[in-house]
Amino acid sequence: MRASDAILEHATGAYLRSCSRLGLLSPQRLPDADVSVLLLSTVDDSWIRVMRQDAARVPGAPVPVVMIADGITERQLSLAVEYGLTTFLYRGDLDLDRLVDAVVETGAGRCRMPDDLVAHLIAELGRQQRRQTLTDLAHRDGLLVREIEVLRMLSEGMNTVEIADKMSYSERTIKGIIHEAVKRLRVRNRTQAVAYAIRTGIF
């Protein structure tokens with residue numbers, strides 16, 4: 001966990017360490033983490049650079065990021081999602097128990113974004129891919145029915161354990177399906193995949 005204010009980082013870190021549901025690692029051990037937490041007053045370009053550097057430190061997909069801040073611009077949001085942002089919470093709506101819940105849910109594979117930010121993501125994907133129809137997608141990327149189903153359940157807030165139980169697969173298989181869907185859609189992570197699927201009318 002990192003914060004833009006040293007006192008806030010110390011206080012929040014102390015609370016998270018006391019929570020039996022979590023284990024807190026140092027920033028140097030980021031590649032071993034299930035979730036990265038950024039607690040910020042203002043999202044500026046320096047924090048976007050931190051996220052880019054973090055993503056470069058981890059082979060494959062970036063560590064899922066939970067970001068808490070007063071706000072974020074559309075440009076910053078697009079970049080942050082590319083570098084692993086999975087959950088965003090407005091600081092004014094947050095307490096420590098909700099932060100713990102968000103970290104646990106993100107670690108379990110859930111995405112949590114305010115409606116206004118989801119709308120921004122969908123609009124951005126639309127600008128990039130507005131000419132592509134669902135038929136083109138299926139033909140070009142060969143998205144499988146089970147991949148569409150998994151993305152749909154992710155969009156409904158289900159985590160990988162719940163999806164595995166519903167589909168009678170192992171959690172490892174579900175994570176593999178998500179990984180393949182992300183590759184086929186040529187996006188960076190599951191958040192972008194879900195936003196893309198909504199935008200293109202897959203479900």
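1. By class, the lining of the largest pocket is made up of 12 nonpolar, eight polar and six charged residues, where Ala, Val, Leu, Ile, Met, Phe, Trp, Tyr, Cys and Pro count as nonpolar, Asp, Glu, Lys and Arg as charged, and the others, Gly among them, as polar. This is a predicted model, in which local features need pLDDT of at least 70 and side-chain atom pairs count only at pLDDT 80 or more, whereas totals for chains, interfaces and linings use all residues. Residues are numbered from 1 along each chain as its sequence is written, and side-chain values use heavy atoms, with hydrogens and water left out.

2. The volume of the largest pocket is about 700 Å³. On a 1 Å grid over the protein atoms alone, a pocket is an open set of points with protein on both sides within 12 Å along at least five of seven lines, a cavity is a set of points where a 1.4 Å probe fits but cannot get out, and lining residues have an atom within 4 Å of a point. Grid points are joined across faces, edges and corners, and a volume is the space filled by probe spheres set on the points. Helix H4 (96-107) and helix H9 (171-184) each supply at least two residues of this pocket's lining, and H9 provides the largest share, five residues; helices (H or I, at least four residues) and strands (E, at least two) are DSSP runs numbered from the N terminus.

3. The second largest pocket has a volume of about 420 Å³. Of the 21 residues that line this second pocket, Gly23, Ala33, Asp34, Val35 and Val103 are the closest to its centre. Strand E2 (36-39) and H4 each supply at least two residues of the lining, with the largest share, three residues, coming from H4.

4. The structure holds one cavity of 30 Å³ or more, and about 40 Å³ of space lies in the largest cavity. Among the residues that line the largest cavity are Leu30, Met51, Pro62 and Tyr83, and helix H2 (residues 45-57) gives the most to this lining, with three residues. The lining divides into eight nonpolar residues, one polar and one charged.

5. How many disulfides does the structure hold? There are zero disulfides, a disulfide being a pair of cysteine sulfur atoms within 2.5 Å. Cysteine 19 counts as buried because its relative accessibility is 14%, whereas cysteine 111, at 23%, counts as partly exposed; buried means under 20% relative accessible area, exposed over 50%, and partly exposed in between (1.4 Å probe, protein chains only).

6. The largest nonpolar core has 22 residues, and those with the most contacts inside it are Met51, Met67, Ile72 and Leu85; such a core is a set of buried Ala, Val, Leu, Ile, Met, Phe, Trp, Tyr and Cys residues joined through side-chain atoms within 4.5 Å. H2 gives the most to this core, with four residues. Not counting residues up to four places away in sequence, methionine 51 touches Leu38, Val65, Met67, Ala80, Tyr83 and Leu85, where contact means heavy atoms within 4.5 Å. A second, separate core of 20 residues includes Leu154, Ile163, Ala164 and Ile178.

7. Leucine 151 has its place in helix H7 (residues 145-155), and leucine 151 counts as buried because its relative accessibility is 0%. Leucine 151 and isoleucine 198 are 47 residues apart in sequence and 9.4 Å apart in space, C-alpha to C-alpha.
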